[in-house]
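Thank you all for coming; I would like to walk you through one structure this morning, going from the whole chain to a few of its details. Please have a look at it first, and then we can go through it together.

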Amino acid sequence: TSTNNSSDAGQVATSGSWRITLFTDSGNDETSDFSGYSFTFSTSGSVTAVKNGVSQTGSWSVNTSSNKFNIDLGPKVDTNKPLGELTDDWKIISVSETVIQLEDDNAASNERVTFTKN
């Protein structure tokens with residue numbers, strides 16, 4: 001079942017762990033930067049990214065009125081790559097039980113990210 005209902009996004013996101021199966025930035029496929037990461041979204045608003053036993057925690061929320069999926073995993077700086085690339089107010093494109101598709105709310109940066117359930 002696919003829906004664009006942002007109220008579903010919060011429920012779906014907290015229903016397990018996720019991996020990134022697509023990340024593009026201005027048309028460049030950077031999905032491999034996120035290889036090995038597993039993401040968990042908690043109902044209390046924290047998001048944890050784990051790779052090789054090392055974890056980084058940030059915050060997340062869904063704004064149903066603006067249809068946004070907000071992620072904050074720290075600043076977009078070289079020392080915080082690749083996770084800082086996820087810090088954004090993402091526009092929710094589609095939500096299903098196993099896939100969450102997001103795109104940057106700023107069309108100029110043309111970023112897309114797809115989370116797929118593990």
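Predicted model: local features only at pLDDT ≥ 70, side-chain atom pairs only at ≥ 80, totals over all residues.

Of the 118 residues of the protein, 41% count as buried. The C-alpha atoms fill a box of roughly 35 × 35 × 20 Å along the principal axes.

If we take the contacts between residues at least 6 apart in sequence, 44% of them join residues at least 24 apart.

Strand β5, residues 46-51, pairs with strand β6, residues 54-63, in the antiparallel sense over six bridges, and S55 in β6 is the bridge partner of V50. These two strands form a hairpin with two residues between them, and N52 in the turn has a positive phi of about 50 degrees. Strand β6 also pairs with strand β7, residues 68-72, again antiparallel, over five bridges, with S59 standing opposite D72 in β7. Here the hairpin has four residues between its strands, and N67 in the turn has a positive phi of about 60 degrees.

Next come the aromatic rings, where the count comes to nine pairs whose centres lie within 6.5 Å. In one of them, the rings of F39 and F115 have their centres 5.5 Å apart and their planes at 85 degrees, and since an angle over 60 counts as edge-to-face, that is what this pair is. Because F39 lies in strand β4, residues 38-41, and F115 in strand β10, residues 111-117, the pair ties together parts that are 76 residues apart in sequence. Both F39 and F115 are buried, and both belong to one aromatic cluster, which also includes F23, F34, Y37, F41, W60, F69 and W90.

Leaving aside residues up to four places away in sequence, E111 touches, among others, F23, K76, E85, W90 and L102.

Definitions and conventions:
Residues numbered from 1 in each chain as written. Heavy atoms only, no water. Phe/Tyr/Trp six-rings, centres within 6.5 Å; stacked < 30°, edge-to-face > 60°. Buried < 20%, exposed > 50% of the residue type's maximum accessible area, 1.4 Å probe, protein only. Pairing = 2+ DSSP bridges. Contact = heavy atoms within 4.5 Å.
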